[in-house]
Amino acid sequence: MTAKKYNSVFFYPALLLLMLIIVLSLSLGAVRIPLWDTFRAIGEIISKKSTESDPYIVILNLRILRTMLAGIVGASLASAGAVFQGLFRNPLADPYIIGTSSGSAFGAVLAIVLGWTVSIPGFSAISAMAFLGGIIATLAVYLITGVFGSRGDTVTLLLAGTALSSLFSSLIAILVAIKDKQLHQAYFWLLGSFSGRGLGELLVLLIPALLGFIAALASSRILDLFSAGDESVIMLGLDPGKARLVIGAAMALTISASVSTAGSIGFIGLIAPHIARRFVGPVHKWLIPASAVTGAIMLIAADLTARTLVPPVELPVGAVTALIGAPYFLYKISKHGLRSL
Amino acid sequence: MKQLPCTDAVSMHISELSGGYPGIPVFHNASIEARSGDIVTILGPNGSGKTTLLKTILGLLKAFSGTVTLCNTNMQKATPGERARIVAWVPQLFEPTWSYSVYDIVSQGRFIHAGPWKQFSRQDQEAIHAALAAMDLLEHAETPINELSGGQARRVLIARALAQMTPIIALDEPAAHLDPGRQIELMDILQNLAHEGKTILISLHDINLAYRIATEAVLIKPDGTVLSGKPEKIFDPHNLETVYETEFFHGFNEFIGKFSLPLSRSKDLPKNPQNID
């Protein structure tokens with residue numbers, strides 16, 4: 001891995017790929033819309049000439065929302081993953097593995113069980129509870145791995161994250177079992193899905209996702225410092241404990257917004273930064289946007305796969321990301337070992 | 001750019017400092033005083049606490065008792081931001097998780113000046129450039145750090161410390177794993193920095209390197225007692241023998257000055273006068 005292959009080599013092809021996958025995501029599905037009709041209908045929607053009578057437009061409006069959701073959630077999870085990997089100086093850190101995602105999912109489920117379902121654009125009680133759950137899970141991992149004092153080593157981090165995830169997952173399963181009627185099926189929260197999600201979710205997601213992305217970008221120079229080790233961070237002029245706390249909280253915000261939209265989806269936050277790092281190097285001001293684009297591509301592609309692989313059944317999107325992500329990850333580890341990630 | 005806060009005062013005043021890890025005292029009663037232009041060498045056998053003493057002086061470890069005042073600032077109470085303006089740190093181990101370029105690492109030294117968001121100013125860029133040039137790294141600026149040799153990597157860290165533009169630089173065994181030529185080169189670099197007015201605090205393994213550069217000497221005995229003072233007084237044959245539990249041949253050469261070569265382990269071997277000739 002070289003340090004600087006920067007920018008144009010990555011971003012132009014990646015954005016092109018993103019466009020392509022968006023078009024595919026709009027055109028493919030239970031009803032296949034020919035490419036030409038897809039473009040024509042998008043043109044009509046943009047120019048507001050659309051007529052409700054056109055069946056393609058109805059489908060497209062739904063698919064556009066869903067594709068946007070998948071793209072934003074993918075970008076959020078991936079940039080949060082890049083941030084966590086930097087903060088913990090650990091290539092295995094990601095929102096799913098360290099427990100933030102399952103903490104958020106538990107918070108969301110609890111809100112539903114308690115009947116707290118108020119929602120206005122940019123805010124919903126469910127996402128607030130998800131945020132709380134995400135913060136608590138992240139704090140717990142911080143405390144367990146002792147990051148306040150020293151560094152989070154890989155093994156402790158993995159064990160703490162896995163244990164916390166199992167704990168929250170079982171709590172979710174218990175709540176779902178007790179209050180089945182109020183909740184989507186358990187797998188929605190545990191594996192994630194974009195099925196039936198739309199404008200309401202998009203409005204709630206948009207602001208925290210944007211804030212989280214800005215926070216991630218704003219942290220990039222700090223994250224570069226973290227690579228040197230906590231003692232060096234202090235001697236370079238930054239309090240690592242405080243920085244972890246503030247940046248971790250900002251990431252919990254964006255992750256919880258993603259989770260209350262689509263459940264907890266694994267592997268995007270883990271793998272997208274690794275792919276991005278191969279192209280743009282480790283410097284976070286490039287790595288974070290590159291991870292976001294990669295994550296968006298990956299999750300739109302995963303959602304497309306989830307709804308077209310075995311029609312008319314829709315698979316949970318998290319099952320697709322794990323199906324592809326887990327083997328990729330194991331392959332990477334077996335080939336290069338942990339250090340090379 | 002902010003002026004160096006303490007160029008002509010007593011830059012380092014350490015008084016009866018004791019420290020270690022919770023429940024494990026490591027060193028006692030270190031009293032060290034140094035001015036701008038001084039090179040303070042810390043010698044001591046393996047495990048005697050050179051690194052612990054350094055980290056306590058920097059405020060990375062809590063002192064059990066005593067005070068550390070660097071540039072009129074109490075290091076035990078200073079924030080990371082305050083400390084980073086006073087002293088730059090060249091750690092012994094450096095294993096960045098990802099392969100940043102030499103330029104990226106050296107530019108970390110500007111964090112304290114540029115902060116987390118501002119674009120690097122011209123002064124920042126000039127400081128980085130000057131630091132790279134001083135360490136002979138300009139042609140390696142874009143090289144990933146993990147492709148460098150041990151000696152080059154060490155110079156990258158010193159360049160980072162230079163870019164930080166602090167009146168004091170602390171180095172933890174920077175000569176370890178360097179070949180003799182690189183060691184001498186490094187000592188010359190440090191002496192130049194001292195001539196420019198910096199105070200250098202450095203731990204070393206090699207007594208002869210310390211002879212070469214020390215203007216203030218610190219010796220840590222195996223029991224943690226800290227001796228300190230002028231080199232002539234501290235590098236006394238008797239002191240060295242007790243501290244290292246080793247017999248030395250002490251010589252003098254008109255070109256290289258004083259030198260000491262280890263002869264035998266005084267603890268393990270019975271004293272044999274023939275060995276000393």
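This is a predicted model: local features need pLDDT of at least 70, side-chain atom pairs count only at pLDDT 80 or more; totals for chains, interfaces and linings use all residues.
Let's start in chain A. Take helix H12, residues 268–280, and helix H13, residues 284–308. They pack at an angle of about 125 degrees. Their axes are 8 Å apart. That angle makes H12(A) oblique to H13(A). The crossing of the two is right-handed.

Who makes the contact? From H12(A), we have Ile268(A), Ala272(A), Pro273(A), Ile275(A), Ala276(A), Arg277(A), Phe279(A) and Val280(A). H13(A) answers with Trp286(A), Leu287(A), Ala290(A), Ser291(A), Thr294(A), Gly295(A), Met298(A) and Leu299(A). By class, this contact has 12 nonpolar, three polar and one charged residues.

Now chain B. Here the pair is helix H5, residues 122–134, with helix H6, residues 150–163. The angle is about 145 degrees, and the axes lie 8 Å apart. H5(B) and H6(B) also make a right-handed crossing. H5(B) brings Ala127(B), Ile128(B), Ala131(B), Leu132(B) and Ala134(B) to the contact. H6(B) brings Ala159(B), Leu162(B) and Ala163(B). The class count here is eight nonpolar, no polar and no charged.

Next, the contact between the chains. Chain A gives 23 residues, and chain B gives 24. Which elements of chain A give two or more residues to the side that touches chain B? Helix H9, 220–226, and helix H10, 230–235. By class, that side of chain A has 12 nonpolar, four polar and seven charged residues.

Last, a strand in chain B: E7, residues 168–172. Is it buried or exposed? Five of its five residues are buried, so E7(B) is largely enclosed by the rest of the structure. In E7(B), both faces are covered. Ile168(B), Ala170(B) and Asp172(B) are buried on one side. Ile169(B) and Leu171(B) are buried on the other.

What does E7(B) pair with? One partner is strand E6(B), residues 87–90, in the parallel sense, over four bridges. Another is strand E8(B), residues 199–203, also parallel, joined by five bridges. Look at Ile169(B) in particular. Ile169(B) is the bridge partner of Ala88(B). Ile169(B) also stands opposite Ile200(B) in E8(B).

Methods:
Residues are numbered from 1 along each chain as its sequence is written. Chains are lettered from A and ligands numbered from 1 in the order in which they are written. Axes are lines fitted to C-alpha atoms, for helices over the stretch in contact, and angles run from 0 to 180 degrees between N-to-C directions. Angles under 35 degrees count as roughly parallel, over 145 as roughly antiparallel, 65 to 115 as roughly perpendicular and the rest as oblique. A crossing is left-handed if the near helix is turned anticlockwise from the far one by less than a right angle, and right-handed if clockwise. Two residues are in contact if their C-beta atoms, placed from the backbone, lie within 7 Å. Ala, Val, Leu, Ile, Met, Phe, Trp, Tyr, Cys and Pro count as nonpolar, Asp, Glu, Lys and Arg as charged, and the others, Gly among them, as polar. A residue is buried if 20 or more other C-beta atoms lie within 10 Å of its own, exposed if 12 or fewer, and partly exposed in between; C-beta atoms are placed from the backbone. Two strands pair if DSSP finds at least two bridges between them.
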